[in-house]
Amino acid sequence: MAAQSLEDWSCRGMEGGIRDVTPPECGSIYKRTPATSWPFKGENYNAFHPPTYFFAAGLGGQTISELTGVDFVTGARLVSAGFVALGVAGLFLAIRAWRVNRLAAFSGALLALTTPAVAASSAIVHNDAITLLAGDAAVWVGARIFARYKLGWGVPAFLAFIVSSFRVVSLGAMLAVAGVVLLACFMPKVFGLLADDRQDLSRIFGATVGAAAVPYLFWNQFQAVRTPPGYIPAIDGLSTIKLKDSALHYVVPTLIDAYGLTDPRTDFYMQPGLKSGATFAWAGILYIFYIVLLIVSVVCMWKAVDRRGLILSTAISPFVTALVVQVREIMTTSGYFDVVSGRYAMSTVALHCALAAVLCNGKRAKWLFVFAVAGCVFMSVGVAMAKVP
């Protein structure tokens, strides 16, 4: 990592240690303390991520710092907050594309913001901040195909390319939509499409998957050329297990880990200093809500042909995300995650909230609004109650 990053890490502190290692004291970088004294040997283990978000956060953070006088990290955090704000606004518009009234669409967008992983991403310098926007793209593309029957391949491919250039795992929602498009190639009538649409649907699927692969493969190859032979990252084995001949049956159950998106028992994303009983309580309520939502939507809306694309895309999206995560890990490190974090499925929050808005469209929209406002209250009270160190 750059010297400035290591210094910021030391001077801002950290709650607890990583493998019993904590950052050296503030100012250590100027004492020629070796980078290996920091956790993970001071390595940037996120180098495999495409650079688009980091370029935006770096340039934006520097510009905000110069214009306002705040420190660089605060400026970069404001960039993340801006991405999340755009994600909430974009989700409102994407939900509206499904012919949903304004109150239901607003309530769905607000509910996304109360999801702990989304809320946390607005205050950190991390490419998690763009995943709600990535989900917006999937919601809008789904409406374009399944509700409005526009079958051009260019727009879905372009959006998949942009999302992939920010963060590959954020493609979960878009690839889920692409998966349903592939299903529609074989059963177009199920989605209100015609047999003659098969060729257009196959083009959408192929172009979306191909466009998503290009930025990842290019950046992965670029980094591979710069990687020393035999290099083993310091983070290796922290969250992963090496895949052995008989271990594949351990991988399969992890493909459903991300359902519920925010399990407070095993997978909570708020910074330790922001946790409290209220945030945990809301995370548990939302965890149950997102799972029940899938079941209720199938029972209540399956007869609506133009809604089936959204229902199925949402239903398979956590599975698709986990599949992408595990396949990538197996191919690159011969390992797998023993637990696939719901945080990796953040882009699918947009699909879940869009599905909730469509389900509650009409007179029921007020109840979704009340639920979303309750989430805001829980999260706000939870942060206020937390014992910040």
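Guide: Contact here means heavy atoms within 4.5 Å. Counting contacts in the chain with a separation of 6 or more, residues 24 or more positions apart account for 75%. The model is predicted, so local features need pLDDT of at least 70 and side-chain atom pairs count only at pLDDT 80 or more, while totals for chains, interfaces and linings use all residues. Residues are numbered from 1 along each chain as its sequence is written, and side-chain values use heavy atoms, with hydrogens and water left out.

First, the setting. The chain has 14 helices and 2 strands. These are DSSP runs numbered from the N terminus: helices are H or I with at least four residues, strands are E with at least two. The radius of gyration is 21 Å, close to the 21 Å that the globule rule gives for 389 residues, so the chain is as compact as a globular protein of that length. That radius is taken over C-alpha atoms, and the rule is 2.2 Å times the number of residues to the power 0.38. The C-alpha trace spans about 70 × 50 × 45 Å along its principal axes. Of the 389 residues, 47% are buried. Buried means under 20% relative accessible area, exposed over 50%, and partly exposed in between (1.4 Å probe, protein chains only).

Now the sulfurs. The structure holds 1 disulfide, a disulfide being a pair of cysteine sulfur atoms within 2.5 Å. Cys 11 and Cys 26 form it, with sulfur atoms 2.0 Å apart. The pair links distant parts of the chain, 15 residues apart. Cys 11 sits in helix 1 (residues 3–12). Cys 26 sits in the loop between helix 1 and helix 2 (52–68). The torsion about the S-S bond of Cys 11 and Cys 26 is about 80°, so this disulfide is right-handed. Cys 11 counts as partly exposed, at 38% relative accessibility. Cys 26 is also partly exposed, at 47%.

Cys 300 is in no disulfide; the nearest cysteine sulfur belongs to Cys 360, 9.8 Å away. Cys 300 is exposed, with a relative accessible area of 54%. Cys 376 is in no disulfide either; the nearest cysteine sulfur is that of Cys 353, 11 Å away. With a relative accessible area of 27%, Cys 376 is partly exposed.
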